[in-house]
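Look at the chains first, then read on.

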Amino acid sequence: MDITDPMLLRQIIMDHYQYPRNKHAGDAHHNHMIHMASESCIDDIKVWATIENDKITDICFDGVACTISTASTSILTELLKGKSIEEARTLIDRYFDMIDLKNVDLEPLEEAIAFYQVGKQANRIKCATIGWNAMKQIIEESEGKHD
Amino acid sequence: MFDVNKIRQDFPMLNGKTMQGKPLIYFDNAATTFKPQTVIDTVVKYYTEQTANVHRGDYDLSYQVSEGYEAARETVARFINAQPREVVLTSGASAALNLVAYGWGQKFLKPGDVILSTEAEHASNILPWFKAAEVTGAIFEYIPLAQNGELTLENFKAAMHSKVKVVTLANITNVLGYVAPIKEMAKIAHEYGAIIVVDGAQGVPHIATDVEDWDVDYLAFSAHKLCGPTGVGALYGKYELLQQMDPFMLGGGSNARFDICGNILLKNPPYKFEAGTPAIEAVLGFKAAIDYISAIGMENIMAYEHELRKYLMSQIKDMEHITIYNPEAATGIITFNVKDIFAQDAASYINSQGIAVRAGNHCAKILMDMLQTSETIRASLYFYNTKEEIDHFVQVIREITLEKCVDLFF
């Protein structure tokens, strides 16, 4: 993907905002749920996941959120669904490195690279990471690390 | 003669400051306001020339700063037409409202008593009363708002009954900016034997306030919303009520004497509420701010803000992609959304054009249910804003699109 083409990246964000993937409430088959209601912004989303045998078999989310929160979480659900915990953790770490403007290989992040410049609007970093933080917490919880 | 260009010269934040590389336009005055040089100088002067504690030392410096501190109380009192002994200096409107809900509410409310308020209140005027209700067994009731979100006297009358012991509300609400008919409401509340508490955080900086004429029992406000320092505000209370109520904090300065058996003799109001060393420089700056806006004149400020609002409304009211939630309000608060753009996305774009507005639920979370939106954008004006700034804002609003909001990230 050509990250120097802003039109393409904008298209990705617009597409995931206007037609978010996996955006619906979870149900009984999801064994994890995190409610993210940030104190500092308006976004109020819930993320559900099914984790079985160290594998993420399903992710969905629902709630009220801005373009960046919605699109970044939508992209996350597509990217991490079907991945092992280990793969997911590596991708999440890579995503946060990208947000922190660290020099990492962006290719594995697929459409999530649309947010590589989100740091230009510092007050919106939390929007681009809300779903990713939720997933990070879910993984920790599934491993019993969450307190 | 009101001359906005001359006024702007008094504010360092209005002289050459930029945001996102563009001249700063500050339309978030309901959150806080800019400070004129005279307020800044007063604060600094305390640290460079007047540092001493108040009411503590038998030396000239302490005496002088104590005099300055009490002069500030007198200025605050005069500004709202109260007596100085009826003015408690607090850390702000939140502290003042908490003090009433704790010191009066938790002390005097009984199970089944009713606290009457509205769904348009700021968290600072609701949460302390939720707590008072929880502690005392009192019940919370809301005055239904009219369809446009305004509080009408008719609805208030219909909601009032003999179980109501406290009516607590903002005289200007922070989201919709309507002016409540406080004087008439106070009269009715008193007929039922209730007290009326006014959150004046958005009111006092923008309209002339007269606690004696309105006959309200308590009124709270903050300095920083009227060009003063942060961390200071005031609670006005009728003296008899101040005598009856308990302080929120005990400590140095609030007691006359105490002994080893635990007997405490508190000072008289307002001093019994002012334990601990206050934000002395902020109190002095509070006075400077009131002196400053008084010299401009509250009538002039009101008239000019109204004119600015009319000017802004006339340009955006017919824009099809803009939803305005308070078209009829008289004050400088304009609450709106851009259709199909999330408020925070729109606010970010507006920020990228150098304009500060607020997106969110503005600490009035229950109002958002009534407006049927989870968030709005609020532009709030003050007397140092100009028609030129509004022109620029209108241009930005006219041209905003979802694509432009997303493009900020590339």
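Predicted model: local features only at pLDDT ≥ 70, side-chain atom pairs only at ≥ 80, totals over all residues.

Residues are numbered from 1 along each chain as its sequence is written, chains are lettered from A in the order in which they are written, and side-chain values use heavy atoms, without hydrogens and water.

**The interface**

On chain B, 18 residues are in contact with 24 residues of chain A (contact: heavy atoms within 4.5 Å). The two chains bury about 1,900 Å² between them, with 62% of it on carbon and sulfur atoms. Buried area is the accessible area (1.4 Å probe) lost on being put together, summed over both parts. B:Gln344, B:Phe409 and B:Phe410 supply 40% of what chain B buries against chain A.

Two salt bridges cross this interface (a side-chain nitrogen of Lys or Arg within 4 Å of a carboxyl oxygen of Asp or Glu). B:Asp345 forms a salt bridge with A:Arg124, with the closest N and O atoms 2.5 Å apart.

**B:Lys35**

B:Lys35 is buried yet has no salt bridge (buried: under 20% relative accessible area, 1.4 Å probe, protein chains only).

| Backbone oxygen | Distance from B:Lys35 side chain |
|---|---|
| B:Thr33 | 2.6 Å |
| B:His224 | 3.1 Å |

The nearest side chain of opposite charge, B:Asp28, is 11 Å away.

How values were computed. Buried < 20%, exposed > 50% of the residue type's maximum accessible area, 1.4 Å probe, protein only. Lys, Arg positive; Asp, Glu negative; His and termini not counted. Polar contact = N/O pair within 3.5 Å; in protein donor to acceptor, adjacent residues only side chain to side chain.
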